[in-house]
Amino acid sequence: MKYSKDSYPITSDDANELARKRNVFQVVTGTKKANHSIMVTTDRLTQNEYWGNIQAEMQLDDLYEL
């Protein structure tokens, strides 16, 4: 978990780490089902070249809406 006061930019290191974690999960669990990356942020994600690797995004305020 990381904190950012502004919109969070996904770096190439972040993208590589997320891909590695998805692969490890699939190997360890043996699942054939889809594995989605969802980011929960305080503000939002910065749209850059790695932004498209995230399937869903939630802002922290979304968790408190009724």
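Contact here means heavy atoms within 4.5 Å. The model is predicted: local features need pLDDT of at least 70, side-chain atom pairs count only at pLDDT 80 or more, and totals for chains, interfaces and linings use all residues. Residues are numbered from 1 along each chain as its sequence is written, and side-chain values use heavy atoms, with hydrogens and water left out.

**View 1. Surroundings of leucine 63.** Leucine 63 lies in the segment after strand E4 (56–59); strands (E, at least two residues) and helices (H or I, at least four) are DSSP runs numbered from the N terminus. Apart from neighbours within four places in sequence, leucine 63 is in contact with Val40 and Met58. Its C-alpha atom is separated by 16 Å from that of leucine 45, 18 residues away along the chain.

View 2. Helix H1 spans residues 12–29, 18 residues in total. Its first and last C-alpha atoms are 26 Å apart, close to the 26 Å expected, which is 1.5 Å times one less than the number of residues. Just after H1, glycine 30 takes a positive phi of about 75 degrees.

View 3. Arginine 20 forms a salt bridge with glutamate 17, the closest N and O atoms being 2.8 Å apart; the term requires a side-chain nitrogen of Lys or Arg within 4 Å of a carboxyl oxygen of Asp or Glu. Both residues lie in H1, 3 residues apart, about one turn of the helix.

**View 4. Salt bridge of arginine 44.** The side chains of arginine 44 and aspartate 43 meet in a salt bridge at 3.8 Å, N to O. The whole structure holds 2 salt bridges.
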